[in-house]
Amino acid sequence: MSIICGLPLLECVYCMACARWAWKRCLHTAGHDSETWGLATAEEFEPVPRLCRYILAVYEEDLRHPLWEPPGGYGINPDWLIRRKTYEDTQGRAPSYILYLDHDHADIVLAIRGLNLAKESDYQLLLDNTLGKKKFDGGYVHNGLLKAAGWVLDAECECLKELLEKYPNYTLTFAGHSLGSGVAAMLALVVVQHQDKLGNIDRRRIRCYAIAPARCMSLNLAVRYADVINSVVLQDDFLPRTATPLEDIFKSLFCLPCLLCLRCMRDTCIPEEKMLKDPRRLYAPGRLYHIVERKPFRYNWA
């Protein structure tokens, strides 16, 4: 058959594998991942738009004179801002973040920015991992993101403890986008495991919202901490849906065709059920909310 086509047999197999991979990744799963899920209530989803604005506020140098304020503003009172840490403050050990005391919603929020493409330290965090490298609470987590979370907790432990004692009815929320979502999820894990560090805080007061989440914990941990961690995925967002480990994605910047070739062949030849049984494989953290704007080949002309 390959002689008739004028192509070597290996090239035929490779092309078929790539076509199948592209269909599954780009078309079939985009609108169908969550079609059997229940709908989220307005009350459940209420914090998400607000926390997204808080995360965006991390990018501003001066919240009293914002440069990139979205329509409607960030919803932040600059007088309630407790801390703002830049890359210079963290020395590359963690992304920039803010600590905000939200009196309007009785919430203490630690919001972490996403990946900074211009910062080598962010790539180092992502690359600091291999499959099964770091065990945590009976499962596996991303090593670099866990280290970053540990640094943030050590830096803000006393401040958070004081705030939680001063405002006993306030919740503690970790929020982040992309790279920051992984650090936020790891912070939630560590705080739940070491509640004594923050004055024996009740687990029910701890929340985490991971926007466009990084795959940072094994499936058993994602399920076990679903009452604390919430992940938000928009449509067919690449980062939380790809089966490729984070460290491989960014290594592929140097040889993207090589990675795509290997991933196509692997996804074609290895059954998905077998990959799901690997306890070291990392997934998006916690409970998932999937925002579906449209389905493949369907358009809203209104």
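Guide: Buried means under 20% relative accessible area, exposed over 50% and partly exposed in between, with a 1.4 Å probe and protein chains only. This is a predicted model, in which local features need pLDDT of at least 70 and side-chain atom pairs count only at pLDDT 80 or more, whereas totals for chains, interfaces and linings use all residues. Residues are numbered from 1 along each chain as its sequence is written, and side-chain values use heavy atoms, with hydrogens and water left out.

Visitor: Is Cys157 buried or exposed?
Guide: The relative accessible area of Cys157 is 12%. Cys157 is therefore buried.

Visitor: How far from Cys208 is the nearest cysteine sulfur?
Guide: Cys208 is buried, with a relative accessible area of 0%. Cys208 is in no disulfide (a pair of cysteine sulfur atoms within 2.5 Å). The nearest cysteine sulfur belongs to Cys216, and its distance is 8.3 Å.

Visitor: How many residues does the largest nonpolar core have?
Guide: A nonpolar core is a set of buried Ala, Val, Leu, Ile, Met, Phe, Trp, Tyr and Cys residues joined through side-chain atoms within 4.5 Å. In the largest one, Ile108, Phe174, Met186, Leu187, Met217 and Ile229 have the most contacts inside the core, and its number of residues is 51.

Visitor: Which residues does Ile108 touch, not counting residues up to four places away in sequence?
Guide: Contact means heavy atoms within 4.5 Å. By that rule, the residues that Ile108 touches, leaving out those up to four places away in sequence, are Leu99, Tyr100, Leu101, Leu160, Leu163, Leu164, Tyr170, Thr171, Leu172 and Thr173.

Visitor: How many residues are in the second, separate core?
Guide: Ala57, Tyr209, Val232 and Tyr289 are among the members of this second core. The number of residues in this separate core is 18.
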